[in-house]
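Welcome, and thanks for taking a look. Have the sequence and the model at hand, and we can walk through some side chains together.

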Amino acid sequence: MKYQTLKGLQDILPPDISVWHHIEAAARKIFKSYGFHEIRLPIMESTDVFIRSIGETSDIVEKEMYTFEDKGKRSVTLRPEGTAAFVRAYVQHHLYNNPSPQKYYYMGPMFRYERPQAFRYRQFYQIGAEAMGIEDPKLDAEIISMLSNILSSIGLEGLNFEVTSIGCKSCRPDHKKALKDFLGKKLDNFCSDCKRRYDVNPLRILDCKVPACIESRKGSPAVLDHLCSECSDHFNKLTHYLELLKVPHTVNPNLVRGLDYYTKTAFEVSSKNLGSQSAVAAGGRYDSMVKEFGGPPTAGIGFAIGMERIVPLIKDAIAATEGPDLMICPLNDAAAEKGFQLTEQLRSEGLWVEINHEITSLKSQMRKANRIGAQYSVVLGEDEIKSNSAVIKNMTEKEETSTTLDFKDFLRIIRSHS
Ligand code: HAM
């Protein structure tokens, strides 16, 4: 074939799209009950927005960004994630002047030049949420509980919620030293990227995907064991509140996030049905990012759900085959005109109505009504037009109801069954 989607990108077509709609609608409903408002942000930003926040030594910035020069010679990047772009908007529009917590959500595509594989794409969609202005760990628990509610409301079960703390600026030096002592002894076993990271940001070695590095870093000291008293207190309260809200979770001291901006709480939700790309959602706190973007010191916490990871998990459970309420099958030109009027009248009442514009045999029209999954069909021929009456057929129950050709009668019959 001459033209195909680019590697790692995919078309989302009906009937699969109805699963996407189902997830988005369920998420919106829950966001509303928690007081989150939707925001829509641009798909590209100045490259600096991502380098500053995600971190120069992260895999995303080092290897995965779609960065290019625009015609005005500015370096722009297709957003690899939503949080940095969100914080840019938060500071730009002084959203911190609103009462805290300010709560926002977004849905849209992200771009990472990763090696494509099952459940890993170069353009993928996230549903993300960010809550700003509150340092209290009750907010962390509320956010994780909201995520859990979204995932269970779409029918996802058996997920593993892992939480940890990755500390703050005051606990990191202690952990960094312990980590360097541990990794330094076997540095020869690591890839060249990790050897470089050892000096600049040894924490990033914990996120390297090279198998030899994964093996060699086993048993390395976790930040959780090196927390300062403030971070430790925050983490203990978080797990207490999660228990209070009955959010099932496990503490994983080795949980590593691929983004540099996190402070304190970090979490990940995984499914065992996705192979190596098991993370369906992830997030954490980022209490210093707003200040780094030039705003007043403001705490933040959020998460993002990966759509391509959850759609396959619920696809079969959702009735993806939707069909029209009514299919009108005219057998001659006069019937086609009457049918055309009826179609538009019923559509303006909110029904999904299809009509055959090309007049074909009764048999082929009925076959089509079946194929597209119409709930009802009506045949309009010479007799129907003359007598101003017709028979509406329920395609699943095979039940027939006589009616006049007044659209209100059609509406009554179709609505009385739905
Ligand atoms: P992240 O862990 O990089 O976090 O991505 C969140 C989720 O996006 C992952 O758990 C996964 O489900 C999905 N995802 C990531 N990369 C891919 C890919 N290549 N193909 C398919 N799905 C993918 C963030 O992006 C943070 N911004 C989350 C956050 C919000 N933290 C605080 N606020």
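## A buried serine and its surroundings

S148 is buried, with 16% relative accessible area. This is a predicted model, so please read each value as computed from it. S148 belongs to helix α5. Which residues does S148 contact once its neighbours within four places in sequence are left aside? They are F161 and V247.

## Nonpolar cores

The largest nonpolar core has 51 residues, and the members touching the most others are F31, M146, L151 and F303. Helix α5, spanning residues 137-153, gives the most to this core, contributing 8 residues.

What does F31 contact beyond the four places on either side of it in sequence? The list is F36, Y105, I127, G128, A129, M146, I150 and F303. Two of these partners, M146 and F303, are named above with F31 among the residues that touch the most other core members. Apart from this core lies another one, made of 30 residues, including I39, I166, Y261 and Y262.

## Salt bridges

Turning to charged side chains, the model holds 27 salt bridges.

| Pair | N to O distance |
|---|---|
| E38 and R28 | 2.6 Å |
| D59 and K209 | 3.6 Å |
| K237 and D233 | 3.1 Å |

Let us take the pairs in turn. The side chains of E38 and R28 meet in a salt bridge. E38 sits in strand β1 (residues 37-38) and R28 in helix α1 (residues 16-33), so this bridge ties together parts that are 10 residues apart in sequence. E38 is partly exposed at 28% relative accessibility, and R28 is also partly exposed, with a value of 31%.

Next comes the salt bridge between D59 and K209. D59 lies in helix α3 (residues 59-64), while K209 is in the loop between α7 (192-200) and α8 (211-216); the pair therefore ties together parts that are 150 residues apart in sequence. Is each partner buried or exposed, or something in between? D59 is buried, at 8% relative accessible area, whereas K209 is partly exposed, at 47%. Because the limit for buried is under 20% and that for exposed is over 50%, a value in between counts as partly exposed.

Which residues make the nonpolar surface patch of about 260 Å²? I43, M44 and F68 do. F68 is placed in strand β3, residues 66-69. With a relative accessible area of 38%, F68 counts as partly exposed.

S148 is buried, while F68 is partly exposed.

Technical notes: Residues numbered from 1 in each chain as written. Predicted model: local features only at pLDDT ≥ 70, side-chain atom pairs only at ≥ 80, totals over all residues. Heavy atoms only, no water. Salt bridge = Lys/Arg side-chain N within 4 Å of Asp/Glu carboxyl O. Helix = DSSP H or I, 4+ residues; strand = E, 2+ residues; numbered from the N terminus. Buried < 20%, exposed > 50% of the residue type's maximum accessible area, 1.4 Å probe, protein only. Patch = residues over 30% accessible without salt bridge, like charges linked within 9 Å, V, L, I, M, F, W, Y side chains within 5 Å. Areas by Shrake-Rupley, 256 points an atom, 1.4 Å probe, with all protein chains shown as cover. Core = buried A, V, L, I, M, F, W, Y, C linked by side-chain atoms within 4.5 Å. Contact = heavy atoms within 4.5 Å.
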